[in-house]
Each structure stands twice: as structure tokens, then as C-alpha cells.
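Please examine the model shown below, together with its sequence. The explanation that accompanies it is written as a guided reading.

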Amino acid sequence: MSSFDVRNSSLQLERVSKAFGTNGNGLLALDNIDLDIAPGEFTCIVGGSGCGKTTLLRIIAGLERQYSGSVLLGANRITGPGLDRGLVFQEHRLLPWLTVAENVKFGISELPAAERNARVAQYIELVGLHGFEQSYPHQLSGGMAQRVAIARALVSHPQLLLLDEPFGALDALTRIRMQHELLRIWQAQQTTMILVTHDIDEAIFLADRIVIMSARPGSIKRIIRVDMPRPRDRSSYEITLLRKSIYREFFASDEVPEDYEI
Amino acid sequence: MSTQQNATVIQFATSPTAPRGRKPLRGLPSRFIGLIVPIVGLALWEMLARFGVLPANTLPAPSVIGQTILELGRSGELWHHAGITLWRITTGFLLGAAAGTVFGALTGHSALARRLFDPLLQALRNIPSMAWVPLFLLWLGIQESSKIAMISLGAFFPVYLNLSSGISHVDPKLIEVGMVYRLRGLQMIRRVILPAVLPEYLVGLRSGLGLAWMFVVAAEIMGASRGLGFLMIDGQMTGRASIILASVILFACLGKATDLLLVAVGNRLLRYKTR
């Protein structure tokens, strides 16, 4: 395991529940979620639609404030958004009237100008967009825009980077390239990362631990530790076995595709 | 999202560019093609007027109208009348746009304000412009204030409507980005809502300016002793068609000039879209 940055603290979720709708008869989106995430760990949360994985991420981000249970980052209870957590959405959500550099700068407006500019340059470099500082979002491809969104989320030096299906809207080839990029950034920054996805292969390729969630009520079904060295060979035998075992969590055994990799 | 942006860009372009492809007329730049019909028409008009086919006292030749404008300019009358009209437009437009901005921002931002004010304002919007004239003259007299009020009213509604709907339609996903970075109140308005709503706001300002020009004509025709609208009425009273037509042309030119000014400002503010 890589050595973890000391400034990062662990994330602890204890008995987190969330119901949509009023006076108790609403849908239980999350039911007693317990999860500990170590500093520097890469966690992927996998589940079908409606399993509450995005809601869970939004609670950690501080965008959902109505929930029961406790979410602690280090010693602090999460009660709202904060710069100690960066968030990347499925859509890039860049502000269309700002350039790439201005978008990255958006989250750190209170820093002194010199430090701000240095950091912006550093993170644009990190996501490989040197030379595009003055471009506007509409001039970028989907993958490039999502890189800017990652830079924007990381520039404030968060302890935790939250990614909500960040590559879901990208084409398959770009998605694979972005997964490699994200691993490289994670290894360089050692930020704790939580990535929500419905793509089992993506989770296997990226995660230290895969959290499998099931719906109605949204709960954790199983947590799988992936101890394989990176970069992982997507077609290796261990990966195939792991994929099959995760498939079994979602589908009855006769539905598990046996030979889809040829 | 991008189609919406394109739509706004189109609204802001001064004129649609000619479709590319084969040139319909050989050797002529395509943007001049639109000038052919007006020029031929003017030449025809000039000829018919000179040969006495058209009655000179009701439809004078274009050259006579041009001369009238020159004479008006030389005698100083032109600057006198155009100056006061421009002053009225500027004051009225600024007041109306300011009021439209305040109410638009208020109703766009707060659901309560929307429920309070929007039904009344929507009802008032349906009153035809000329219907206000007698009332304003009665209330505010024949002096400047009644005219300014008319023009403000014309500018108010488009600005109000565009800003109000623009603000309430700002992409909630972008507002959420602001929330992630803990923007609140004024910060959120300045850094997210205002820039997001700017395209619609500018469209509102532009149509507000157009209506302000319509209302200034109405106000000056109904009761004025100066201004281009008065010049028209004066031409009608004294039976000089060339004066009326000269005023019409001056209105057109000044209206277009102020519109181009606004478009230039708008395109500068929205240049991120066209880069």
C-alpha cells in the first residue's frame, strides 16, 4: 500500500439513513449505512440506479443536509459543503462564461493572487491541459472538460475527492483514458477518492475497495477489497473471477455472462 | 444547453449571414445582394418623381428628401429636434430599464415577490401603448415628464420579462456548483446568477430599446413642441411630405444606431460564446 498523506483524515459514516418524502412514509433512500474510509484510499461505490449511491455521495459532499446518523471527516461532523471536499459531477458543470483557468480558479478566490495563479497553473498541468488555459468550455471535448472539472475540484487541496459517475457521459475509449488519468492523479496527489459508478469494470480497475449497494432500501450489500497491483490488466484471470463474483451480486447465476471477454 | 446559447447568439447577430455555396449572382459579394432591390426601387422612384408621374407634394423624390435632411441639418433644426428626441429616449430607456431590472430581479429571485407582482404586471402589459397617452398627459402634464414616463413604460416590460424568466431559469446545476464553493447571497448573484442570465437580459434590453423608440414617436405625436415626432406632425400640418419622410428616415437611422450600440456592448460582454 502506498504511504498516505498525514494531512488527510479518515471518513466515518455511522448509521446514515435518508428518507425522501415527508412524515416517515417516504422512500427510504439510504438505510443504516456504516462505512469507514481510510486516508488516501480509493473507494468505488457500485450499484444500479435508485440504490442511493449518488445520495450517499451528496451527503458526504454536504449538499444533502437532511439525514440521520453521523458523517465525520476526521473529527468534524459534515453539515454543509466545504473546501475540504472536492466534487466532480457527471456533467462537467463548468461555468460557460469563464475560461479554463478562471473555472479552475473559481474555488479558491480567497487565496492571495500569486498563490492562486501558481496553483491554477499546477493543476492545469496535472490534468494535462497546458495550453488550454484561455479556452472556453464550449471549445473543449467532453473528456477535456471533465479534466478541468477534476482540476477545479482538486485545486483547493481537498482531503477528499468525490466523483459522481464522472466518466458516465464519455465515450468508451475516452472513459478508459480518463480512468488511467485519474489513477495517475490519485497516485500523484494521494487524495482520498470516492467514486460512484454503475460500471463494474471501472470499479475493478480503480478501487482499493468496492462497495456494492442494493436498492429499496439503499444499503451496503457487500464490500470487496481489491488487492491487485496497479495498473491492472483488465483481462487477467483474477480480474475475470472478481468481475464474475460482482456480477453475481446483481444477477442470478444463470444470467452471469460466462465468456463475454473474447 | 448549446442550442439555447446558439439561439441567443443568433438573436444578437446584426443580420443573418447569407447562406454559403454557389453565388446566385456572379462576381457580386453575396452581402450586397440585399441592396439590389432597394437601389432599383429608389432609382425607379426618383425617375417617376422627376417625370411627374408621382405627385411631388405627397411623394417627393428621394433626392428631395435627402435635400430636406441636409437643409434641416444646415439650419440647425435637425440637431435641435433629434437632440431632444435622443435625450428623451436615453432618459426614458434608462429609467424603464432600471425599474425593469429591479422588478425582474426581485420576481426572478423570490417566489413570493413573483406571486405578488407578476399577475398585475402581466395584466398591465396588455394595455396598448397609445391608451396610456391621455392618462399620462392628464397626470403629468404636457411637459417632459409625461413623455419620459411613456418611454420608460415601453422599455420596462421587455427588460422585466426577460430578466425575471431568465433568473428563474438559471441552470440549477450551476447554482449547485456555487453551493459547493459555499457562495451565498450577493456572492452567488454576482458570480453565478448574473453572468448566467446576461444573454437573456441583453435581449430584454434590446427589445426594450425598440419599444422605447415606438413610445417616443407616440409621445411626441400626441403633444410636443420639439422632437422628431413633432417634426412629423409639423410636416403634416404644413403639408410638406418631404419633412415627414425625412423624419421617418431619421427615426430609422437613429433607432438602428442605438440598437447597434447595444449589440456592440452585448457582443463584447458575451464574447466567450463566439470565440
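Predicted model: local features only at pLDDT ≥ 70, side-chain atom pairs only at ≥ 80, totals over all residues.

Residues are numbered from 1 along each chain as its sequence is written, and chains are lettered from A and ligands numbered from 1 in the order in which they are written.

Chain A has a mean pLDDT of 89, with 91% of its residues at 70 or more; pLDDT is the predictor's confidence in each residue, from 0 to 100. Residues 1-6 of chain A have a pLDDT below 50, and this stretch makes eight contacts in the model beyond near neighbours in sequence. Two residues are in contact if their C-beta atoms, placed from the backbone, lie within 7 Å.

Chain A is divided into domain 1 (1-82 + 163-181 + 198-253) and domain 2 (85-157), with bounds that come from an automatic or database domain assignment. The C-alpha centres of domain 1 and domain 2 of chain A are 25 Å apart. Between them, 15 residues of domain 1 of chain A are in contact with nine residues of domain 2 of chain A. On the domain 1 side, α1 (53-61), β7 (160-164) and α5 (172-189) of chain A are the elements that give two or more residues; helices (H or I, at least four residues) and strands (E, at least two) are DSSP runs, numbered from the N terminus. α5(A) gives the most to this side, with three residues.

The contact between the chains takes 14 residues from chain A and twelve residues from chain B.
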